[in-house]
Amino acid sequence: DKIAVSNIDNNGGVISRSENHLPPVEVNGMLSKNIGNGWTVGAGLGLMSLNSHFRFGEGLNRLEQEQTLFYLGIHTSATWQVWRYESISISVSAGAVLHLPLHASIATDYIVNQNVELHKRVALRNCVMGSVGAGISLQWYLSPALSLYVEPSLRYYRLPAETPATFLSQHPVSFSLSCGLRINF
């Protein structure tokens, strides 16, 4: 009640609402197999985190919420090497990911007179989602089986209607920049 009463004189009686969604952070592991003629197929697992911050009201009395979602990603990809000179190559790739929900929660702080009066964490219902993407990869081969890479790509996320609001619900087509280590066998 204190939060609503203290915000009634702001914004013509409408309680302000703001949200800030952070881009996803992913860590992936992938194994690849060269199948000939410059083609490589790969599969792997990854962990993706999506975080959001919500605020209701303003000033000394407000609600602050932190939403955290974690997904386990099952990755598949196909890559074609377009060009190679000594230990450097350029490839194009396409792939798909099935994102399985691991954890979803929202923590709410009820702030009265700038003090947290109540902290409450609630589990959220989350759904499986999928994504497809394509990119261009620059690789530097450290050995025939090991390479460092950087890969700018575009990815489209297919989100079910029941999924909580995140960066991906506002940007279902997203640019990403992957980098890491590739192991080929």
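How many helices and strands does the secondary structure of the chain come to? Colour by DSSP runs (H or I of at least four residues for helices, E of at least two for strands, numbered from the N terminus) and you get two helices and nine strands. Going along the sequence, the pattern reads α-β-β-β-β-β-β-β-β-α-β. The radius of gyration is 22 Å, well over the 16 Å that the globule rule gives for 185 residues, so the chain is more spread out than a compact globule. (That radius is taken over C-alpha atoms, and the rule is 2.2 Å times the number of residues to the power 0.38.)

A quick note before zooming in: this is a predicted model, where local features need pLDDT of at least 70 and side-chain atom pairs count only at 80 or more, while totals for chains, interfaces and linings use all residues. Residues are numbered from 1 along each chain as its sequence is written, and side-chain values use heavy atoms, without hydrogens or water.

Now show the C-alpha trace: along its principal axes it spans about 70 × 25 × 25 Å.

Next, select M48, L50, L69, Y71, A104, M129, Y157, L159, F167 and L168, the largest nonpolar core. Such a core is a set of buried Ala, Val, Leu, Ile, Met, Phe, Trp, Tyr and Cys residues joined through side-chain atoms within 4.5 Å; buried means under 20% relative accessible area with a 1.4 Å probe, protein chains only. Strand 3 (39-58), strand 4 (61-85) and helix 2 (167-170) each supply at least two of its residues.

Finally, centre on L159. Beyond its neighbours within four places in sequence, L159 is in contact with M129, L168 and S169, contact being heavy atoms within 4.5 Å.

Technical notes. Buried means under 20% relative accessible area, exposed over 50%, partly exposed in between (1.4 Å probe, protein chains only).
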